[in-house]
Amino acid sequence: MHERRISPIVKSVLEIGPLIVFFIGYLRVRQQTFVIAGIEYDGFIVVTAAFIPLILLCTGLLWALTGKLSKMQIATAVFVTLLGGLGVWLNDDRFFKMKPTIVYLLFAAVLGFDLLRGRSCLKGIMEEMMPLQPEGWMILTRRMGVFFLCLALSNELVWRTMSTDIWVNFKIFGLTAASFVFLAAQGRLFQTYAIEKESE
């Protein structure tokens, strides 16, 4: 299926919408306990159970509308389903909280493996948006690998030492803000190694 362009607003709603719904739902039921089939579930587990089909639906719609999914979108859907489902099944929120750690470690490992081979998979993913010289891709790959490791360690530290309320805010706002700050901090690298600058 060929990639098709869709409205940026629709794309943003499908990508970010499930997180916003999760956050709102969690705020509404975090203090509640639900008895389902004779088993007590806290609000976090119930919201997680609702989040799984929602993110699968939005990911499926995104694929149907664009004809393409990024590796991160696929990995997120898979790990949300596996770890979120395991957490709901075992009535244990730790599995869902570990999901960002596993995803970030996986991406860091992929980037590290590419570096050992003297390559950068980022080039194939981002080259159309941001053409860089080969050295620029290698520097960006190293930085992103370290960044993903830091995110994984941060997630482990927060969910293991702080309340669920703090972790939910960290997951939705903290990790998102960190990603924006990281990309903004790469502005000088993008300018230095941009192919357009080399051509001039």
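Colleague: Is Leu 65 buried, partly exposed or exposed?
Modeller: Leu 65 is partly exposed, at a relative accessible area of 38%. Buried means under 20% relative accessible area and exposed over 50%, with partly exposed in between (1.4 Å probe, protein chains only). This is a predicted model, in which local features need pLDDT of at least 70 and side-chain atom pairs count only at pLDDT 80 or more, while totals for chains, interfaces and linings use all residues. Residues are numbered from 1 along each chain as its sequence is written, and side-chain values use heavy atoms, with hydrogens and water left out.

Colleague: Which helix holds Leu 65?
Modeller: Leu 65 belongs to helix α2. Helices (H or I, at least four residues) and strands (E, at least two) are DSSP runs, numbered from the N terminus.

Colleague: Which residues form the nonpolar patch on the surface?
Modeller: The patch consists of Val 10, Leu 57, Leu 61 and Leu 65, which together have about 310 Å² of accessible area. Its largest share, 3 residues, comes from α2. Patch residues have over 30% relative accessible area and no salt bridge; nonpolar side chains (Val, Leu, Ile, Met, Phe, Trp, Tyr) are joined within 5 Å, and like charges within 9 Å. Areas come from the Shrake-Rupley method with a 1.4 Å probe, and for residues only the protein chains shown count as cover.

Colleague: Turning to the inside, which residues touch the most other members of the largest nonpolar core?
Modeller: Of its 42 residues, those are Phe 22, Leu 132, Leu 140, Phe 148, Trp 167 and Val 168. Elements giving two or more residues to this core include α1, α6 (134-161) and α7 (164-185), and the largest share, 10 residues, comes from α6. Such a core is a set of buried Ala, Val, Leu, Ile, Met, Phe, Trp, Tyr and Cys residues joined through side-chain atoms within 4.5 Å.

Colleague: What is Phe 22 in contact with?
Modeller: Leaving aside neighbours within four places in sequence, Phe 22 is in contact with Phe 44, Val 47, Thr 48, Phe 51, Phe 96, Val 168 and Ile 172. Contact means heavy atoms within 4.5 Å.

Colleague: And α3: what span should it have?
Modeller: The 20 residues of α3 (residues 71-90) should span 28 Å at 1.5 Å a residue, and the end C-alpha atoms are 28 Å apart, which agrees. The expected span is 1.5 Å times one less than the number of residues.

Colleague: What covers the buried residues of α3?
Modeller: The cover includes α1 (8-29), α2 (43-66) and α4 (94-116). Among the buried residues of α3 are Phe 79, Val 80 and Leu 83. Trp 89, also in α3, counts as exposed at 67% relative accessibility.

Colleague: What comes after the helix?
Modeller: α3 is followed by Asn 91, whose phi is positive, near 55°. Asp 93 lies in the loop between α3 and α4 and is buried, with a relative accessible area of 18%.

Colleague: How many salt bridges are there?
Modeller: The whole structure has 6 salt bridges, each a side-chain nitrogen of Lys or Arg within 4 Å of a carboxyl oxygen of Asp or Glu. One of them joins Asp 165 and Arg 30 (3.0 Å, N to O). That pair links distant parts of the chain, with Asp 165 in helix α7 and Arg 30 in the loop between α1 and β1 (33-36), 135 residues apart.

Colleague: What about Asp 92?
Modeller: Asp 92 forms a salt bridge with Arg 94, their closest N and O atoms being 2.6 Å apart. Asp 92 counts as buried at 15% relative accessibility, whereas Arg 94 is partly exposed at 44%.
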